[in-house]
Structures are given as C-alpha cells and as structure tokens.
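Subject: Structure for your files

Hello,

Please find the structure below. My notes on it come after.

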Amino acid sequence: MTLELLGLSKTFYGANESEAVHALDHIEYRIESGRFVGIIGPSGCGKTTLLRIIAGLEKASEGKVLLDGKEMLQGSETVGMVFQEYALFPWRTTLQNIEMGLEIRGVDREKRRLTAMEYIKQFGLSGFENRYPRELSGGMKQRVAIARTLIMNPRVVLMDEPFGSLDSQTRNGMQEFLLKIWQERGDTIIFVTHNVDEAVFLSDEIVVLSRRPGRIIKRVEVNIPRPRDRTSEECNRIRRDILRVLEVEMKKEERER
Amino acid sequence: MKKERYLLLILLILIWQGLCSFNLIPRYKLSSPVEIVLGLVELIKIGVPPGHLLHHHVLYSLYRVALGYGVAALLAIPLGLLMGWFPRLRRMISPIIEVVRPIPPLAWIPIAIVWFGIGIKSAAFIIFLGAFFPILLNTIAGVLSINPILIEAARTLQAKEKDIFYKVLLPGSVPNIFVGMRVGLGVGWMTLVAAEFTGVREGFGLGYMIMTARDIQRPDEILAGMLVIGLIGLLINAGLKVTESRALRWR
C-alpha cells in the first residue's frame with residue numbers, strides 16, 4: 001500500500017481576491033504501508049488542511065492524492081481520522097460510538113457488538129461501555145475515538161493533534177498506548193502535532209512544514225529503536241535539529257510583521 | 001427544602017381568603033379560595049351546563065389539542081430538520097414563515113370557521129398554528145447547533161447523506177426539538193381555550209365551559225375552570241419534562 005501526495009496545493013478564497021489564503025504549496029510525499037509519519041510545523045502552516053485533504057473533507061486546489069496509484073474517492077474505505085476534540089457523539093455510549101462505523105457499514109448487531117467489545121477490552125475501557133462521553137475523562141474519550149477509527153481497519157489513519165487537549169502525564173501515557181496498539185496492528189499512521197518531543201518519540205519519519213504556505217522543508221528519518229528514551233542523546237539530537245528549523249521559520253514570520 | 005417552595009403560595013392564598021372573608025373584595029369581582037374549591041366540586045359533580053361534567057370538558061379539550069398539536073409536530077419536525085440541513089430550502093421558506101408567524105393564532109378564527117366550519121377541525125387548526133412555529137423554529141435551531149465536527153467525523157466513518165440525517169442530525173437535534181415541543185404545547189394549550197370561546201358544536205370543552213359559567217354569572221366556576229386549565233397545562237408540561245430527561249440521559 002502506498003499513499004502518494006502529488007503537488008498538493010490549497011488556497012482559501014475570502015470575499016475578494018486580496019483575501020486569498022495560501023495554505024499549502026506543492027506538497028510531494030510518499031508513504032509506505034505500516035509507517036508512522038509525524039508532521040510538524042509552526043501554527044497555521046496548513047498541517048490540518050493537509051490532513052483534511054487526505055481525508056476527503058477538503059478538496060485540493062491543485063494536485064492529487066493517490067492510493068496505490070489510483071485517485072481516492074471520498075467516503076471510500078481508505079481513511080480514518082482522529083480529531084483533537086475527540087468528536088464523539090454525545091448521545092451515544094462508548095459502545096455505540098465505537099460501533100458507529102460498523103453500523104453505517106451495515107454489519108449486523110451481534111457481530112458489531114462482539115467486535116466493539118474486543119476493542120473495549122483491548123483499549124482498557126472495560127466497565128465504561130455504557131457510559132456517555134460526558135462521563136469519561138479526556139484520555140478515555142480519546143481512546144474511544146481511536147477505537148472508533150481503528151475498528152474500521154482503514155488503510156491510512158490520520159491523527160490531528162489527538163493528544164493536544166490532554167495534560168502532559170496523560171499525554172505521555174497515551175503516546176505509549178498508541179505505540180503499543182500500532183506495533184500490534186501495523187497501521188499506516190500520519191500524525192500531526194505541535195509537540196516536537198511527541199513527534200520524535202512516536203515517528204519513523206518526521207516531516208517538517210514551513211510556515212504558510214506550507215511546504216516540506218525537512219524530512220528526518222528517526223532510526224532509533226523503540227521503546228525510545230525521551231531523554232536520550234539521540235532523541236535530543238533530532239529534537240534540536242527540528243527545533244532549529246522551526247525557530248528559523250518563526251523568525252521569518254516575526255520579520256514579516 | 002421542598003416545603004419552602006410552597007410557603008409564599010400558601011401565604012398568598014391565606015391573605016386572599018382573609019380579604020374575602022372580611023368582605024374587603026366584592027364577591028362578584030373575585031371569589032374566595034374556598035368558593036373556588038366549592039365551585040370546582042360542583043363542576044365535577046353537576047357540571048356546567050348541567051349534565052356536562054368537568055371530565056367531559058377536559059377530555060374534549062384534550063382531544064382537540066392532541067389533534068392540532070399532533071399534526072403540528074408531525075409537520076414541523078421533519079420540515080425543521082430539512083430546513084436546518086438544506087440552506088437553500090431554508091432561504092426559500094423562511095420569508096413565508098416570517099410573514100405568517102406574527103399573526104396571532106386567534107386572528108385566524110374567522111377564516112378557520114369559513115374553511116372548516118364550527119367544530120373540532122377549526123379549533124384544532126387554531127391550536128395547530130399556535131404549536132407549529134415554536135416546534136419548527138426550535139427544530140431548525142437544533143440542526144444548526146450541531147457541532148460540524150460531528151458531521152465530519154461521521155463522514156470519515158463512511159456515512160452517506162441519509163446516515164448523517166438519521167444518525168447525526170436527528171439525535172443531535174433532539175434536545176432542541178424537546179424545547180420546541182414544550183413551548184409549542186404551552187402555546188397550543190393556551191390557544192385552545194380562546195379557540196373554544198368562539199364556539200364548539202358539541203357543547204363540550206373547557207373554554208366553552210368557562211364561557212357558559214360567565215353567561216350564568218358564576219365567577220367562582222369561571223375561576224375554578226381557569227384553575228383546572230392551569231393544572232392540566234402543568235401536568236402535561238411535567239409529563240413532557242420527564243420524557244425529556246429520560247431521552248436526554250446523555251446530557
């Protein structure tokens with residue numbers, strides 16, 4: 001399975017021509033099956049827009065997204081997305097949220113329930129299957145959201161700063177949890193984050209985007225074997241590298257103001 | 001703590017009874033609480049007009065409301081969902097709504113009688129008009145209040161338009177639909193009485209009963225009738241609230 005981003009550009013038009021926002025500029029990238037790719041960049045660089053285009057929630061102004069050489073159709077079984085704000089359906093219990101996709105797909109009730117219960121067990125949500133989102137903690141909610149996405153077995157899993165709303169201890173725990181799940185399943189994951197530490201801890205490769213309009217300005221292969229020590233010299237080296245690049249981008253932004 | 005709530009009410013009733021007992025308020029203007037209760041008993045046992053007992057009136061009124069309100073909900077909820085979901089539809093229909101809505105339901109009485117004659121259909125129509133707009137507008141607001149991210153999440157789970165309608169829009173709008181239904185019921189019930197003032201063929205209905213009590217100069221029975229109307233309104237609203245809190249456990 002290969003996902004290719006070919007010359008993706010996106011411009012948002014405001015009420016008149018002068019208000020056009022160039023979000024992305026000719027993104028070219030290729031992701032192989034089973035890879036964990038982190039995308040990082042300054043605020044407003046278009047990382048969320050990029051994810052949304054891949055997910056089919058947004059149309060590119062130019063360029064294509066190809067899956068195994070073919071253009072992706074919206075609503076096909078290829079892409080799953082996890083949002084920063086969880087996006088759980090508040091009127092559905094944990095169980096019902098997780099089985100939502102299967103319900104839409106038409107899987108019969110017995111089978112849905114069994115499959116969803118497996119995920120509930122595996123994700124440490126046992127005992128909470130009949131609770132509503134308002135009764136769950138942030139970490140639990142995100143686990144439900146991830147389960148809801150992974151149960152569909154999408155070809156590509158997109159994550160838009162999924163741990164951004166969590167406190168740092170929960171966040172670290174969730175990162176480890178995500179890695180464990182990923183290592184068991186082998187999904188292809190594209191993970192957008194603000195947090196360099198998080199990107200270094202999780203990714204096989206990190207893609208750094210410039211400030212708006214977002215272009216790929218650096219690609220860093222993270223060859224450190226897992227489990228990684230966040231405080232190790234190798235991790236620090238890569239962090240420094242990336243932080244330096246981001247600093248340059250931020251300075252450019254300041255100079256323009 | 002519950003007792004505290006009724007303290008003021010009881011106090012007012014006592015003051016009222018006191019004012020009447022000491023003849024500080026003329027009887028023809030305002031009956032005392034005791035007289036109202038006695039009038040109520042008479043309404044239950046003998047009825048106004050005689051033979052038309054209170055529970056008959058209540059049932060007829062409820063039936064009219066059920067009809068008018070039922071049709072209002074059946075039309076307003078689907079229409080509201082569609083108008084909420086399709087901006088174009090909303091833009092097309094809104095002007096019509098905004099023109100018709102300010103017309104008080106009671107102003108429709110003359111034309112309702114021309115269209116439907118005197119009887120249950122015209123009364124139900126007036127009630128329909130009262131209930132329809134609150135239900136419609138709140139349903140539309142319900143759809144518009146749904147966080148767009150939920151719709152996007154559904155799309156990423158391969159939801160098609162009809163899935164989004166039934167699995168996101170509908171459940172997501174339910175809280176607002178309930179608000180609309182309660183308001184609509186309140187307005188509908190209030191409109192009922194006035195609608196019945198204009199005439200009901202069978203001679204049954206709470207509005208009709210009050211009008212008759214006025215004709216025979218029984219202010220105590222008028223007030224007793226009003227009390228019954230208020231109490232029934234309260235009960236229906238309470239019933240809806242219970243259904244609402246059960247349906248909205250997720251809040």
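This is a predicted model: local features need pLDDT of at least 70, side-chain atom pairs count only at pLDDT 80 or more; totals for chains, interfaces and linings use all residues.

Residues are numbered from 1 along each chain as its sequence is written, while chains are lettered from A and ligands numbered from 1 in the order in which they are written.

Contact between the chains: 20 residues of chain A and 13 residues of chain B take part (two residues are in contact if their C-beta atoms, placed from the backbone, lie within 7 Å). On the side of chain A that touches chain B, β6 (79–82) and α3 (100–105) of chain A each supply at least two residues (helices are DSSP runs of H or I, at least four residues, and strands runs of E, at least two, numbered from the N terminus). The largest share of that side, 4 residues, comes from α3(A).

Sheet: chain A has an open sheet of 6 strands in the order β6-β7-β8-β3-β9-β10, with mixed pairing (two strands pair if DSSP finds at least two bridges between them). β6 and β10 (216–221) of chain A are at the edges with a single partner strand each, so one side of each has no neighbour in the sheet. Within the sheet, β3 (residues 36–40) and β8 (residues 188–193) of chain A run parallel and are joined by 5 bridges; A:Val37 stands opposite A:Ile190 in β8(A).

Regards
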